[in-house]
Amino acid sequence: FDSSKVAVIFVLGGPGAGKGTQCANLVQDYGFCHLSAGDLLRAEQNREGSEYGAMIRNYIREGQIVPMEVTIKLLENAMRAALASAPAAADGWADGRGRFLIDGFPRKMDQAVKFDDEVCRSSLVLFFTTTEEEMLKRLLERGKTSGREDDNEESIKKRFRVYKEQTMPVIAHYSKQSKVATIDATATIEEVHEKAKDVVGKLLA
Ligand code: UP5
Ligand code: MG
């Protein structure tokens, strides 16, 4: 990708921190293209004829990170498709085209390094934090209706562990590059939204 025409924000935070919810709000505010790595993997899992379906299902249920080649290919394809349907303007992404929120990725160091080297670099990492207790409560509530195979207490505990062991180092890595904006996601959806809107607005200004 021509990095002058594409703007990427990584959106990270623990399982149930509110990444997807806040991305939807930022799409309304600023017209981003929102790509959730987890949603792309779930779509691939259910795609007829996918050679990866069974493998993805197992990884997700166990809370493990799917081999990065699969996820990066899905993200790259989705970014290309979005740009093809609304190409970045000659003056870059000022009008909203070519702006991406990449949600739930990169969540392991190998993914971060490969994406930065081979796809493109992010401008910012939005990092939503709250307690495990709060995340567990949200996910169990959502699990009543989500149909997600990983919204059960056993899978959630595994997701928390993988998050601490594999994703926190990614946050530390980008912190060293001063790219991380940390937002306390314990407050109400609207309060968190106001903070996120403000942070992103400053980046785009
Ligand atoms: N909610 C949200 N904000 C709230 C607030 N402020 N107050 C009260 N309630 C709030 O929100 C979760 C729930 O909480 C919702 O019901 C919401 O209304 C409520 P949501 O916005 O969905 O949170 P989010 O952070 O998006 O939670 P999600 O469960 O999607 O996070 P995960 O990171 O666990 O899931 P993801 O889909 O990203 O990944 C799933 C799996 O895919 C991973 O475990 C892994 O196995 C696999 N994966 C990979 O292998 N590689 C990747 O690169 C990415 C994923
Ligand atoms: Mg999500």
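I started with helix 2 and helix 3, which pack at an angle of about 135° with their axes 8 Å apart. Here axes are lines fitted to C-alpha atoms over the stretch in contact, and angles run from 0 to 180 degrees between N-to-C directions. Helix 2 is therefore oblique to helix 3 (under 35 degrees is roughly parallel, over 145 roughly antiparallel, 65 to 115 roughly perpendicular, the rest oblique).

This is a predicted model; local features need pLDDT of at least 70 and side-chain atom pairs pLDDT 80 or more, while totals for chains, interfaces and linings use all residues. Residues are numbered from 1 along each chain as written, chains are lettered from A and ligands numbered from 1 in written order.

I listed the contacts next (C-beta atoms, placed from the backbone, within 7 Å). L41, E44 and Q45 of helix 2 meet G53, I56, R57 and I60 of helix 3. By class I have three nonpolar, two polar and two charged residues there. Nonpolar means Ala, Val, Leu, Ile, Met, Phe, Trp, Tyr, Cys and Pro; charged means Asp, Glu, Lys and Arg; the others, Gly among them, are polar.

Then I looked up K158, found in helix 7 (residues 153–176). Helices are DSSP runs of H or I, at least four residues, numbered from the N terminus. K158 has 16 C-beta neighbours inside 10 Å, so it counts as partly exposed (buried is 20 or more, exposed 12 or fewer, partly exposed in between). K158 touches E62 and G63, leaving out residues up to four places away in sequence.

How values were computed: Helices (H or I, at least four residues) and strands (E, at least two) are DSSP runs, numbered from the N terminus. Two residues are in contact if their C-beta atoms, placed from the backbone, lie within 7 Å.
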